[in-house]
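Please open the model in your viewer and keep the selection panel at hand. Each stop of this tour names what to select next and then says what is there.

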Amino acid sequence: MRIEHLTLKVSGRSLYPLWDVSLRVEDNEVVAVLGESGGGKTSLAWAAVGRPLPGQEVVAGKVYFKGRDILNMPPAERRRIYFKELSLVPQNAPDTLHPTQTVARTLWEIYTAKNGKGEAREAVLPLLEELGLPEEVLRKYPHQLSGGQKQRVALLLALLNRPQLVVLDEPTSALDVLTQKKVKDLLGKINREHGTGILFFTHDVNLAFSLARRVVVLYGGQVVEELPAFKRESALHPYTRGLLASGPRIGDPPLSRRGIPGYALPLLAPPQACSFAARCPQARDVCREEAPPLVKVGEGQVRCFAYAAGAQRGG
């Protein structure tokens, strides 16, 4: 998948959830999009599967999946590839389950719609075990499941037909710590063993850097940094470093974590300055007067005037 210079606007308002966002997911790759709430993650997740959120419109940009612009793909053709080649697990995944159908019925409908009549049970049981779900879940209705179980069932639906790419919006947010680890381990396993590409959106710093191969940091609807996950300690952008400093890690002294002061503001009209300047401890006059470019630095990219001089413009 390639997302190129994508800009989204709220219909009838000068509000831009995303501005000139570009990223890619190579075959068999795991990419994380990291950022706090309100940064544009959910808007990007839905646009990535060709379905911008209601009330949002595409102003510019393309989203290519297997060489075709999914944003301009006929709806019937998009439906054919959903769950078979491309799946989305939305942030409110538990609410997407059919309330009057058992889990088994929903799984059977998705499996047969993409594979014809066949034995869905053989595809379901191994995933149930890997997700830590008992077989009795298949006979239950959504209201009979816990929030964590419903989240895992939604993940099961997305993985059932072994798609080439899975897009996940906050895939572990409704789960306890032990189940989070199971889900993380399963995602890593399907990537290694089945070559499934994964694009996931999260505010969890440790999840992003431990599961992904590359991390794209989103702030105020813009990409502010992209870096290999193993370069975690070499992050350049002040916002990325702030996220890393605020995330808990085993062995930290009590109260050693510190947050980022202030809060993110919505992107109003084209950016005229650095969107992070008001919260940045290193901000200079130029940061408040001009919008910094995204520049290539080493193996990554960063949107910061501290690294702009003499660097190569990024995409």
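This is a predicted model: local features need pLDDT of at least 70, side-chain atom pairs count only at pLDDT 80 or more; totals for chains, interfaces and linings use all residues.

Residues are numbered from 1 along each chain as its sequence is written, and side-chain values use heavy atoms, with hydrogens and water left out.

**Stop 1: an open sheet**

Select β1, β2, β4 and β5, four strands that form an open sheet in the order β2-β1-β4-β5 with antiparallel pairing. Strands here are DSSP runs of E with at least two residues, helices are runs of H or I with at least four, and both are numbered from the N terminus; two strands pair if DSSP finds at least two bridges between them. The edges are held by β2 (18-24) and β5 (68-69), each of which has a single partner strand, so one side of each is left without a neighbour in the sheet. Between β1 (residues 2-10) and β2 there are four bridges, and I3 stands opposite L23 in β2.

**Stop 2: two helices side by side**

Select helix α5 (residues 147-159) and helix α6 (residues 177-194), which pack at an angle of about 5° with their axes 12 Å apart. The two are therefore roughly parallel to each other, a term for angles under 35 degrees. Show the side chains of R152, L155 and L159 in α5 and of T179, V183, L186, L187 and I190 in α6, since these residues make the contact, where contact means heavy atoms within 4.5 Å.

**Stop 3: a hairpin**

Select strand β9 (residues 214-219) and strand β10, which pair in the antiparallel sense over six bridges. Across this pairing, L218 has V223 as its bridge partner in β10. The hairpin has two residues between its strands, and G220 takes a positive phi near 60° there. Two further bridges join β10 to strand β12 (residues 300-303), again antiparallel, with E225 opposite V302 in β12. How many residues of strand β10 (residues 222-228) are buried? Seven of its seven are buried, meaning under 20% relative accessible area, whereas exposed is over 50% and partly exposed lies in between (1.4 Å probe, protein chains only).

**Stop 4: a covered helix and its rings**

Select α8, where seven of the nine residues are buried, and note that β3 (30-34), α7 (205-211), β9 and β10 are included in what covers them. Next pick Y239 and F276, both buried. Together with Y219, Y239 and F276 form one aromatic cluster.

**Stop 5: another aromatic pair**

A search of the whole structure finds four aromatic pairs. Select Y16 and W19, whose ring centres are 5.1 Å apart and whose planes stand at 85°, so the pair is edge-to-face; rings of Phe, Tyr and Trp (its six-membered ring) pair if their centres lie within 6.5 Å, and planes over 60 degrees apart count as edge-to-face. Y16 counts as buried at 13% relative accessibility, while W19, with a relative accessible area of 21%, is partly exposed.

Note on methods: Rings of Phe, Tyr and Trp (its six-membered ring) pair if their centres lie within 6.5 Å; planes under 30 degrees apart count as stacked, over 60 as edge-to-face and the rest as tilted. Axes are lines fitted to C-alpha atoms, for helices over the stretch in contact, and angles run from 0 to 180 degrees between N-to-C directions. Angles under 35 degrees count as roughly parallel, over 145 as roughly antiparallel, 65 to 115 as roughly perpendicular and the rest as oblique.
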